[in-house]
Amino acid sequence: MNKYISKFLTLAFWIALLSCQDEKSGLVEQLISDFKSEYAPDKRVAIWEIEWSNGILSGETDQVEALDIFKGKLDELDITFQDQITSLPEKSLEGKEFAVVTISVANIRSAPKHSAELATQALLGTPLKVLKKEGSWYLVQTPDQYISWVDSGGIQLMDRQEFSEWNQLSKAVFTAYSGFVFAGTDEKEIVSDLVAGNIVALEWTENEYQEILFPDGRFGFVKNDQLMPFEVWSESRQLSPENLIQTAKAMMGVPYLWGGTSIKGVDCSGFTKTIFFLNGQVIPRDASQQIWEGEEVDQEKKWENLEVGDLLFFGEKASETNKEKVVHVGMWIGENSFIHSRGRVRISSFDPKSLNYDEYELNRYLRTKRVIGKNNPNINEVESMMNFPIINP
C-alpha cells in the first residue's frame with residue numbers, strides 16, 4: 001500500500017476514534033448534568049458531585065439509587081468506564097452512620113473548620129445522618145435535609161443498633177426557653193445549659209426533679225416543671241394563631257445570628273423555623289427553600305388577605321437580566337404587622353402611622369405564602385424527626 005495512503009488511513013482512524021470519544025464524553029457529561037438537575041438540584045440538601053475524565057468517573061454522591069440508575073444508563077449506551085465514585089455514607093465510618101446531638105445547640109458549618117460560615121444549628125437530641133469524616137469533623141444531614149459539617153465534640157456517633165436502642169428510651173422535651181441540667185438536686189454544679197426544644201431521655205417520676213440522660217451517657221437533674229414527656233408535648237402542638245404569636249413574641253429581642261436556629265440567636269429563616277418547630281413542625285431551613293412551600297396568598301400588598309402564620313418573603317424581584325432573589329422572611333401576626341429577625345427579633349408594621357412602620361421591608365416585599373393546612377411535601381411533623389436517619393436510608 002502506498003505509504004501516503006497508509007498514513008492518511010491511520011490519521012482518519014484516529015480522527016474518527018477521537019470524534020467518537022468526544023461524542024461519548026459529551027454524552028456522559030450531559031447525563032451527569034441531567035441527573036444532578038433531577039436528583040440533586042439543591043446542593044444544600046443533596047450531593048451529586050461527579051466528574052468524567054478519560055473514561056474515569058470520580059467524585060461522590062449520597063443519591064445511591066440515582067447512581068445505580070445512572071450507571072445502568074451508561075451500560076445501555078455501551079459506554080465503558082472506570083468507577084471511582086464514592087457513595088455516601090462512606091464505608092470508612094464502619095457503620096457509625098447515625099449521630100445524636102449531645103449539647104444544647106450544635107453549630108453546623110459550611111466547611112470542616114471552626115472558622116467556616118455557620119450554616120445552621122441542631123438542638124440537643126436531634127438525630128443526624130452521618131455521611132463522611134474529615135479530621136474531627138463529620139458531614140451530617142439534619143432532619144430538614146440540610147447537609148453541613150459538625151465538630152465531633154457536639155455529637156454522639158452510633159451504629160444502627162445503638163441508635164435504635166437510644167430511640168427506644170422514653171424522651172422528654174425541655175419547654176422553658178432556657179435553663180440548666182444540674183449534677184444534683186442542690187443545683188450547685190451545672191452539667192449543661194438547655195434551650196427550648198432540647199430532647200433528653202428519662203424515666204418519668206413524680207419528683208420535683210427528673211433525672212435525665214444525654215446521648216453520650218452523661219446524666220443530671222432538671223426541674224419537673226421545665227420538662228414534658230415527648231409524646232405529650234408532640235400531641236399538644238398546634239399551629240393556632242395564639243400559639244404562633246406567643247412563641248414568636250417570647251423570642252422578642254433575641255439577637256440576629258447568621259445560621260442560628262435556636263433561642264441563643266436566629267437568622268430570619270432560623271426564626272420562622274424555630275417558631276414552627278416549637279409548635280410541632282419541621283420546615284425547610286432557608287428562606288429560599290421555605291418560599292417553595294404552601295400556597296401563594298398575596299403578591300399585591302393586600303394585607304387583608306393574610307392570616308396569622310403566613311410567611312412573608314422579601315428580596316429582589318426578577319428582571320430581564322436577573323432572577324428573583326429571596327433574602328428575608330417573616331411571619332404575619334395580624335393588624336398590619338409581622339415579626340422577624342433583623343438585627344434582633346422585632347415586630348414591623350406596614351401601617352405608615354405605626355411606630356413600627358418598616359418602609360425598608362415594604363419596598364423589598366415579594367409575596368406571602370400560606371403553609372398551614374396546605375400540602376407541603378417538605379414539611380414534616382416533629383414526631384417523624386426522631387427516626388429521620390432510619391426512614392431516609
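The largest cavity is lined by 17 residues, and Gln121, Leu123, Thr126, Lys273 and Phe277 are the ones that lie nearest its centre. This is a predicted model, in which local features need pLDDT of at least 70, side-chain atom pairs count only at pLDDT 80 or more, and totals for chains, interfaces and linings use all residues. Residues are numbered from 1 along each chain as its sequence is written, and side-chain values use heavy atoms, with hydrogens and water left out.

Back to that cavity. On a 1 Å grid over the protein atoms alone, a cavity is a set of points where a 1.4 Å probe fits but cannot get out, while a pocket is an open set with protein on both sides within 12 Å along at least five of seven lines; a lining residue has an atom within 4 Å of a point. Volume here is the space filled by probe spheres set on the points, with grid points joined across faces, edges and corners. There is 1 cavity of 30 Å³ or more, and the largest cavity comes to about 210 Å³. Two or more of its lining residues come from each of β6, β18 (261-262) and α6 (helices are DSSP runs of H or I with at least four residues, strands are E runs of at least two, numbered from the N terminus). β6 gives the largest share, 4 residues. By class, the cavity lining splits into 8 nonpolar, 7 polar and 2 charged residues (Ala, Val, Leu, Ile, Met, Phe, Trp, Tyr, Cys and Pro count as nonpolar, Asp, Glu, Lys and Arg as charged, and the others, Gly among them, as polar).

The largest pocket has a volume of about 820 Å³. It has 33 lining residues, with Arg44, Glu117, Tyr146, Trp258 and Asp286 closest to its centre. β6 (118-123) and α6 (268-277) turn up here too, each supplying at least two lining residues, as do β9 (147-151), α7 (287-290) and β23 (325-334). This lining holds 15 nonpolar, 7 polar and 11 charged residues.

Last, have a look at the open sheet of 3 strands, ordered β1-β2-β3 with mixed pairing. β1 (48-53) and β3 (82-87) are at the edges with a single partner strand each, so one side of each has no neighbour in the sheet. Strand β2 (residues 56-61) pairs with β3 in the parallel sense over 6 bridges (two strands pair if DSSP finds at least two bridges between them). Gly59, for instance, has Ile85 in β3 as its bridge partner.
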